[in-house]
Structure formats: C-alpha cells, structure tokens
Amino acid sequence: FFGLFAGDEFLQPERSVSSEAGVQWTPAPGHRLGATVYRTRIEQLIAFDGPMFQARNVNRAAIDGVELDYGRAWSRFSLEANASWLDARDAGTGQQLLRRADRKLFLSTAYRIGDAANLGMDLSLVSARPDFGGIRLPGYARVDLRWSAPLAPDWMLEARLENLTDRDYELVSGYNTPGTSGMLNLRWNAGEDRPRQR
C-alpha cells in the first residue's frame, strides 16, 4: 500500500557465469584438508534499493571467494572447520553488496555416545556487513548445541539449543533474531537403510 518493496515492470532476470576450482588432501588418516576458490559474474542482479526498497537490476555484480576446510576424526570425537573470505561488489560502483559478510568461520565438534547417539556443538563467527541506508550490521558469534539418539529402528529423537549465549544480533536491520531457543524433533525414516551414526 505504501509502495515498500515495490516491483518494477521492467525488471530483468538475472544471468550469471561461475567458475570454481578446489583441491582435497588427506595428509594423514583421520585428517582432511580442502581449499576452494570461486568467481561469479552476474548480469542484472536483482536487489532492493531506494527509500521504498524497490526491486531493481544491478547492471553487473562481481563475487569472488575462497574457502578453506579442515576435518579431523578420531575415536569418538570429530571436528569440522570452515573459513571463508568473500568479496561481493557492484561492479559498476565498487560498493559492497548488502548483507554479505566478507569473513565467516564455522566450527563444529561432535562426540559419539555409545553406538549411535551424538552430542555436538557449533560455533559461527560472522563479520560486519552493510545494509540499507548506510547502516553497518555488526559482526556476531553464535553457539548452538545439538543431540540425537535412536529410539527404535527408523525412529530418531533430535534436540537443538540455539544461540546458547542469548546473543543479540541482526541479519537484517530492524528485524530481531530469536534469543536462546530450543527445538525437539522426532524423525521417522520408514524403511530407510541408514548407516550407523559416527
């Protein structure tokens, strides 16, 4: 009614060309290393801009990134780590694309209890990123806990506690994210052959 998030009858579909190269290396049993570089060029990227947040086409956008991965498994423990660097810009103005963090780090640990139950923790670190109106969303860290255990053949009970430290952060300016929250799931995989969880 007020024209917010208005459309554009002349809006064009996005077109993109991407290239990617990666390597995987196992330096020793239980260790895994990986590296990936990628490049994307987008024509007519759809974005929202202006005081009414109207849909518009960014003539050209350039996205370049690097990701590093590490995995370690031993006995009942496992560790996964992923670090990424991103440069996403309007190729015409050189301005950073909105809501795209240029640095992220994700760490995940898991411990196997018995033969099939798992207890794990995830840590996400995200750097600052720009939003509408010159606002810069601050970086944040989030900690999640997860647990899963089989109840019977084909049945799995899963629990998750998110944002354990009750961190205040925003993915979009003006929109709150949940504080500490929990989820409990009962999952049924009828007749599905599942490998034993590790």
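**Charged pairs, paired strands and a nonpolar core**

Asp122, Arg142, Asp144, Arg146, Arg160 and Glu162 are linked in a network of salt bridges, a salt bridge being a side-chain nitrogen of Lys or Arg within 4 Å of a carboxyl oxygen of Asp or Glu. The model is predicted, so local features need pLDDT of at least 70 and side-chain atom pairs count only at pLDDT 80 or more, while totals for chains, interfaces and linings use all residues. Residues are numbered from 1 along each chain as its sequence is written, and side-chain values use heavy atoms, with hydrogens and water left out.

Arg160 is partly exposed, with a relative accessible area of 24%, whereas Glu162 is buried at 19%. Here buried means under 20% relative accessible area, exposed means over 50%, and partly exposed lies in between (1.4 Å probe, protein chains only).

A search of the whole structure finds 11 salt bridges. Another of these joins the side chains of Arg99 and Asp131, at 2.9 Å from N to O. Arg99 lies in the loop between β4 and β5 (103–113) and Asp131 in the loop between β7 (129–130) and β8 (136–137), so the pair ties together parts that are 32 residues apart in sequence. Strands such as these are DSSP runs (E, at least two residues), numbered from the N terminus. Asp131 is buried, at 3% relative accessibility, while Arg99, at 37%, is partly exposed.

The strands themselves may be considered next. Strand β3 (residues 54–74) runs antiparallel to β4, and 14 bridges join them; two strands pair if DSSP finds at least two bridges between them. Together β3 and β4 form a hairpin with two residues between them, and Ser75 in the turn has a positive phi of about 45°. Ala61 stands opposite Asp90 in β4.

Ala61 also belongs to the largest nonpolar core, whose seven residues are Ile42, Leu45, Val58, Ala61, Ile63, Ala88 and Leu97. Such a core is a set of buried Ala, Val, Leu, Ile, Met, Phe, Trp, Tyr and Cys residues joined through side-chain atoms within 4.5 Å. The elements giving two or more residues to this core are β2 (31–49) and β3, and β3 gives the most, with three. In soluble globular proteins, nonpolar side chains tend to be buried together.

Phe77, by contrast, is found in strand β4 (residues 77–90) and counts as partly exposed because its relative accessibility is 43%.

Conventions
Helix = DSSP H or I, 4+ residues; strand = E, 2+ residues; numbered from the N terminus.
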